[in-house]
Amino acid sequence: MRKKIIAANWKMYKDLAEANDFFTFFIDKLPKTKAEVKIGTSYTNLWHAFETTRNYPIEIVAQNLHQEEKGAYTGEVSASMLKSIGIETVIIGHSERREYFGESDHILKQKVTTALKNNLNIIFCIGEKLSDRKANNHFDLVKSQLKNALFDLNKKDWKHIVLAYEPVWAIGTGETASPEQAQEMHLFIRNTIAGKYGNELAENVRILYGGSVKPDNAGTLFSQPDIDGGLVGGASLEVDSFIEIIKAV
Ligand code: PGA
């Protein structure tokens, strides 16, 4: 039985004071849940958020890392820097990184390798643009994203990988993939992994859905057989809506 994950992706929102405010109320209201709860926040908040939540069932995760171990890369943050402040998980391949920061499958593959080498767990994002879906190319595109970045991994590496299927057309748009559309793609992803690594491994990989997850659609999405939780942007910024989404598990 795969344990569900509800992960917040705060993107470039919340400074230290705003993050603190959130945690004050969030810790107080956090319900008992079967899900793993994670919060992805900016580098400047990571250490403080980690310290604030260390006695609670909340994992603080990073939103990015650099692919090199160290070097003259002004402004960048390495895997070992994240590890040194207690971070165990990093989001890699978010569509905003792909789109606005030119992160190709090749770079993302390097990031995955570096993260794994440093014993970091990974939430790896994949998903098609609207143009891909309209051209009926969405399955091929998602398959190529998986193949190019992840299919050289060893079986044992997959213990450290969680996938997030995030159709780009549903991110921050208020438009959600229908539960059927999401389930269809999640099943496709699982079958693609099974084709490469076998059924047992594929059955254990957790695949989150992301793209306008809200309190009112979370329950139906999370009850689909191949949806193992959510990666939540906008609705994770408010304590009450994020709590409602956690309760939907
Ligand atoms: P959204 O973002 O929930 O605001 O659509 C999801 C994401 O980008 O991870």
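**Helix packing and ligand surroundings**

Helix α1 (residues 16-29) packs against helix α2 (residues 43-53) at an angle of about 20°, and their axes are 11 Å apart. The structure is a predicted model, in which local features need pLDDT of at least 70 and side-chain atom pairs count only at pLDDT 80 or more, while totals for chains, interfaces and linings use all residues. Residues are numbered from 1 along each chain as its sequence is written, and side-chain values use heavy atoms, with hydrogens and water left out. Helices are DSSP runs (H or I, at least four residues) numbered from the N terminus. Axes are lines fitted to C-alpha atoms, for helices over the stretch in contact, and angles run from 0 to 180 degrees between N-to-C directions.

α1 and α2 are therefore roughly parallel to each other (angles under 35 degrees count as roughly parallel, over 145 as roughly antiparallel, 65 to 115 as roughly perpendicular and the rest as oblique). Their crossing is right-handed, a term that applies if the near helix is turned clockwise from the far one by less than a right angle. On the α1 side the contact (heavy atoms within 4.5 Å) involves Leu 16, Ala 19, Asn 20, Phe 23 and Ile 27, and on the α2 side Asn 45, His 48, Ala 49, Thr 52 and Thr 53. This contact has five nonpolar, five polar and no charged residues, where Ala, Val, Leu, Ile, Met, Phe, Trp, Tyr, Cys and Pro count as nonpolar, Asp, Glu, Lys and Arg as charged, and the others, Gly among them, as polar.

α1 also packs with helix α11 (residues 239-247), at about 35° and with the axes 10 Å apart; the crossing is again right-handed. Phe 22, Phe 25, Phe 26 and Lys 29 of α1 meet Val 239, Asp 240, Phe 242, Ile 243 and Ile 246 of α11. By class, seven nonpolar, no polar and two charged residues make up this contact.

Helix α7 (residues 138-150) and helix α8 (residues 179-197) cross at roughly 40°, their axes coming within 11 Å. The two helices are therefore oblique to each other, and α7 passes α8 in a right-handed crossing.

Around the ligand there are 13 residues, of which Lys 11, His 94, Glu 166, Gly 172 and Ser 212 come nearest (a residue is near if one of its heavy atoms lies within 4 Å). Polar contacts are pairs of N or O atoms within 3.5 Å; within protein, one must be able to donate a hydrogen and the other to accept it, and residues adjacent in sequence count only if both atoms are side-chain atoms. A polar side-chain atom of His 94 lies 2.7 Å from a ligand oxygen atom, and one of Asn 9 lies 3.4 Å from a ligand oxygen atom. Gly 234 places a backbone N or O atom 2.8 Å from an oxygen atom of the ligand.
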